Amino acid sequence: MAAPPPKQEELQPHAVRDQLPAVSYCLTSPPPWPEAILLGFQHYLVMLGTTVIIPTALVPQMGGGNEEKARVVQTLLFVAGINTLLQSFLGTRLPAVIGGSYTFVAPTISIVLAARYSGITDPHEKFLRTMRGTQGALIVASTLQIIMGFSGLWRIVVRLLSPLSAAPLVALVGFGLYELGFPSVAKCIEIGLPEIILLVALSQYIPHLVPLLGTAFERFAVIMSVAIVWLYAFFLTVGGAYKNAAPKTQFHCRTDRSGLVGGAPWITVPYPFQWGAPTFDAGECFAMMAAAFVALVESTGAFIAVSRYASATPCPPSVMSRGIGWQGVGILLAGLFGTANGCSVSVENAGLLGLTRVGSRRVVQISAGFMLFFSILGKFGAVFASIPGPIIAAIYCLLFAYVGMAGIGFLQFCNLNSFRTKFILGFSLFMGISVPQYFNEYTSVAGFGPVHTHARWFNDMINVVFSSKAFVGGATALLLDSTLHRHDSAARKDRGHHFWDRFRSFKTDPRSEEFYSLPFNLNKFFPSF
């Protein structure tokens, strides 16, 4: 009698994981010191993009020149270093870099265009006056996050999040920044595209082709690719490739057009009220508070992505609220020092955790040390800050994608065969992209947003809120997930709510103590719930 045919192995779905596997160094396990220092420098390089792009866009409109721009970059870098240390020691304790935020750009431009500054003819005087107006608005706006964070109000909102509602929020925190990716690469395609190709090759292909050196290429691909393409761009510049090019092309492609090296002092220490006493306007403060609220939502999504790539458990709501409170302190410091911009979690640095597979807290603390060091030694910091924008945008193409996929990864907890899940996920993602697109297109054509009343502060509040993809998508998902078939037990399982039940309180999972407890036994005085 013939033997029965061998039984085929049954196909099983991939296991659901509370903590991301295959991470080389998790939140509490630091790499060796030499490697940690190099990884910290890499985080510093990545956060420089936003730190330079925002002042480059704002300072000329405020009336400042290269010298003012260099000082604002140094101040933003200095405050980012302080805020990153505060967040990693006293906030969420996640390896999150707290840097500049594009969310605050629109209300800042509104302050620059205010009627009370239009009569000032001296550019330097206009710069000082608008800077003081921005400082006043930021100082008031910081109270929103400080109150919502330290009072525990934000903890109540975070407890409502399920994997289903968190997925669109986190995904759009990353994917929603697509305008800063290839459109900026294409401004100088001959250096931007080689950076994308080289970064993908070094981080994804070479580690498998050269296993002995695979780890080095995987972890330091950003430093290697930037060094090679930056040198290539330098040779193009000195070789005269852009001698007869249009001014805009020269600005994006040449390595000597940032104006930061010439404008930066050798040594300077930023200090509070260095531009003078802040001024306050009620309408501008309201508009900046709207930006602070949007930044609060976006940072929540970014914190969730960081906790995932640090191979930590989901951040307990009380810890998230504590982190938002310290981020509010960060915005207060930005207002006191005068950065012309608020702060939020750096999305690109969150993506770098995924690219390197190193989620160590110590690495980000070292990067904060580099921020403080190079903000004081201005000339040296300005050299790295003069990396052409298309090279930075090419790096963004990979790093923002990693953050977006952190959000998509939460769908492993959800039932994707449920029509309720399909509707909430699809509708929130679509609206998160479509609504801000309408607001941005309307503004680019008309010169003002769809909401255009006589109260400019009200216009700014509405336009800032609905121009954020993460805010619109995340708010839509949370609203639908919390109200649609709310008491249905099957719906509760479909949304993955039960997977996160043990992380809704600090004390219900023993791993929370390992990852999120405060240092120096401070938990005795500031307990988490």
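Start with E179, which is partly exposed because its relative accessible area is 38%. The cut-offs are these: buried means under 20% relative accessible area, exposed means over 50%, and partly exposed lies in between, with a 1.4 Å probe and protein chains only. The model is a predicted one: local features need pLDDT of at least 70, side-chain atom pairs count only at pLDDT 80 or more, and totals for chains, interfaces and linings use all residues. Residues are numbered from 1 along each chain as its sequence is written, and side-chain values use heavy atoms, with hydrogens and water left out.

E179 has a charged partner. The side chains of E179 and K469 form a salt bridge, at 4.0 Å from N to O. K469 lies in helix α21 (residues 469-483) and E179 in the loop between α6 (163-175) and α7, so the bridge ties together parts that are 290 residues apart in sequence. Helices here are DSSP runs of H or I with at least four residues, strands are runs of E with at least two, and both are numbered from the N terminus. K469 counts as buried, because its relative accessibility is 7%.

Side chains of opposite charge can pair when their charged atoms come close. The structure holds 16 salt bridges.

Now turn to E284. Its side chain meets that of R116 in a salt bridge of 2.8 Å, N to O. R116 sits in the loop between α3 (105-112) and α4 (123-150), and E284 sits in helix α13 (residues 282-309), so this pair ties together parts that are 168 residues apart in sequence. E284 also meets R456 in a salt bridge, here at 4.0 Å, N to O. R456 belongs to helix α20 (residues 456-466) and E284 to helix α13, so this pair ties together parts that are 172 residues apart in sequence. E284 is buried, at 5% relative accessibility. R116 is partly exposed at 37%, and R456 is partly exposed at 35%. Salt bridges that share partners also join D18, R502, D509 and R511 into one network.

Of the 28 residues of α13, 24 are buried, so the helix is largely enclosed by the rest of the structure. At the start of α13, a side-chain oxygen of D281 comes to within 3.2 Å of the backbone nitrogen of G283. Just after α13, S311 takes a positive phi of about 55 degrees.

Two other residues share that feature of the backbone. Most residues other than glycine have a negative phi. A22 has a positive phi, near 65 degrees, and is found in the segment before α1 (33-62). A22 is exposed, with a relative accessible area of 60%. R93 also has a positive phi, near 70 degrees, and is found in the loop between α2 (66-89) and β1 (98-100). R93 is buried, at 10%.

Next, the cysteines. A disulfide is a pair of cysteine sulfur atoms within 2.5 Å, and by this rule the count comes to 1. C188 and C253 form the bond, with their sulfur atoms 2.0 Å apart. The pair links distant parts of the chain, 65 residues apart: C188 is in the loop between α7 (182-185) and α8 (189-209), and C253 is in helix α11 (residues 247-253). The torsion about the S-S bond is about 125 degrees, so the disulfide is right-handed. Both C188 and C253 are buried. C26 is in no disulfide, and the nearest cysteine sulfur, that of C315, is 15 Å away. C414 is in no disulfide either; its nearest cysteine sulfur, also that of C315, is 19 Å away. C414 counts as buried, at 11% relative accessibility.

L209 is exposed, with a relative accessible area of 66%. Together with Y205, V210, L212 and L213, L209 forms a nonpolar patch on the surface, with about 600 Å² of accessible area.

How values were computed
Patches are made of residues with over 30% relative accessible area and no salt bridge: like charges are joined within 9 Å, nonpolar side chains (Val, Leu, Ile, Met, Phe, Trp, Tyr) within 5 Å. Accessible areas come from the Shrake-Rupley method with a 1.4 Å probe; for residues, only the protein chains shown count as cover. A polar contact is a pair of N or O atoms within 3.5 Å; within protein, one must be able to donate a hydrogen and the other to accept it, and residues adjacent in sequence count only if both atoms are side-chain atoms.
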